[in-house]
Amino acid sequence: MKVIKRKRLVTKLVMLFSITFVIVIILLIVTSRILINNFANEKLNNAIFNTKELMLTQLDEDNLIETLKEIMPRAEISTPIYIRVEDEEGSLLADSKHFDFKIIEGKSVFKPIYSSKLKAHVVYDIFSIETKTKGILYVTLVYNFMGTILFYKNISYILVLINIIGFIIIAITSYVISNKTLKPLVDIAELSKSASLEDLSIRLPVDDTENEVSILAKSINSLIERTQEMVEYQTQFVADASHELKTPITAILGYGNLIQRWGKEDADVLDKAVSSIITEAKSMEELIEKLLLLSKYDNEILKLQQSVYCINDIVTEAISTEKFAHRKISTSRTDTAFIKCDYRLIKQLLIILLDNSIIYTDPEGRVDLSIIKNKNKVDIVVSDTGIGIAESEIPYLFNRFYRSEKSRAKIKGGNGLGLSIAKKITEIHNGIIKIDSRVGIGTSVIVTFMANDET
């Protein structure tokens, strides 16, 4: 089936080239016919006119017959024009040696007609000459058109032959060229079909030439690479989500078994188990809410309620939340600035960044939030003196479920979704988020928004 499709395309190209060639040849034949016909007609008119002038100017009435016999051979050889001269009564006075045409009496014909007697196409003109001695003479000039007709036919045969030979050559050439041209596309199609979600390691060969096929191959390779990254990311995402959900479910089942065995008789065990189940259930609820939120961001179905707010008010409210009541958060610089945003989402962004800094910073360490206005931009900087992050891990921090130093992250808790949500919130507000960190020194997260002075 694949071969048939390819053949059909090649056939279409061959037919296109061949038909184009045939049309060109037909136009050439028609044009040539018109040009030759115009040339022949002009030559005919000139020949008849010149012969008529010759007879009118050089005809000697005293030696009429001798003059005619002298003019007729010259006209027959050079033109060829055949002459017949008759008197008023229709008696033949003189004619050319090969004058043997069927003429319609008294009628000039300037389009080639077929003379069945001589089997030739002829054109003729009839005019009169008034003489003193012979009275009125009637002269018939006949132009033998057979040579021109034969020339037409020969030219037509040659052009038809050229057409047939050219058609064959064009068909073969276009078939070979089309096959050669389409081969890279067929190879690309075959290799593309062999790629699947189970095996995305296939790449199309790309040469150094910057032609359309090479550009197409590069584009398909880029598409396969992005698909591979997406599949790998999705696979990892599902595995991490399953793991994150499995942990609290396992804990809840464990505490349920504990209650079943000893909780009925020991109120203290029952109380601790129920408290732990509630904690794990809340952890699951938080994880599911974050996943749903990310899903809304991905599908662009989250409706923003934007207005111009003073960022200082949002920072103050975020720091004052109950979650951070036990930890001091400093504000080393707080320039007054306004941004157009969704108040609730920017507050959530600040809480995520502050929560991360507190989790990875010892109680004796410092967590700071600054607002810096620079012309038409506003930087929100959350910095800490925590454990820091290795430079090699920074590019992966915004990936879902990614946590630096996983063994230590496991001790600190969290599910690795916070920074992913923070990045999404920043992006939908047309902002930029960057992380600068040094192991053992601390981390700074800089979020930049466009300032809006409309109040």
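Searching the whole structure, which is a predicted model, turns up one aromatic pair. The partners are Tyr309 and Tyr343, arranged edge-to-face, with 5.1 Å centre to centre and 70 degrees between the planes. Tyr309 sits in strand β6, residues 306–310, and Tyr343 in helix α7, so the pair links distant parts of the chain, 34 residues apart.

Next, the nonpolar cores. The largest has 38 residues, and the members touching the most others are Ile311, Ile346, Leu349, Leu353, Leu354, Leu369 and Val447. Several elements supply at least two residues each to this core, including helices α6 (311–319), α7 (343–359) and α9 (418–428). Which element gives the largest share? That is α7, with eight residues.

Take Ile311 as an example. Setting aside neighbours within four places in sequence, Ile311 is in contact with Ala337, Ile339, Ile346, Ile371, Val378 and Ile380. There is also a second, separate core of 20 residues, and among its members are Leu54, Met55, Leu68 and Val139.

Finally, confidence. The protein chain has an average pLDDT of 77, and 80% of the residues score at least 70. Residues 1–6 stay under 50, and the model gives them five contacts beyond four places in sequence. Residues 406–411 are also below 50, with four contacts in the model beyond near neighbours in sequence.

Definitions and conventions
Residues are numbered from 1 along each chain as its sequence is written. This is a predicted model: local features need pLDDT of at least 70, side-chain atom pairs count only at pLDDT 80 or more; totals for chains, interfaces and linings use all residues. Side-chain values use heavy atoms; hydrogens and water are left out. A nonpolar core is a set of buried Ala, Val, Leu, Ile, Met, Phe, Trp, Tyr and Cys residues joined through side-chain atoms within 4.5 Å. Buried means under 20% relative accessible area, exposed over 50%, partly exposed in between (1.4 Å probe, protein chains only). Helices (H or I, at least four residues) and strands (E, at least two) are DSSP runs, numbered from the N terminus. Contact means heavy atoms within 4.5 Å. pLDDT is the predictor's confidence in each residue, from 0 to 100. Rings of Phe, Tyr and Trp (its six-membered ring) pair if their centres lie within 6.5 Å; planes under 30 degrees apart count as stacked, over 60 as edge-to-face and the rest as tilted.
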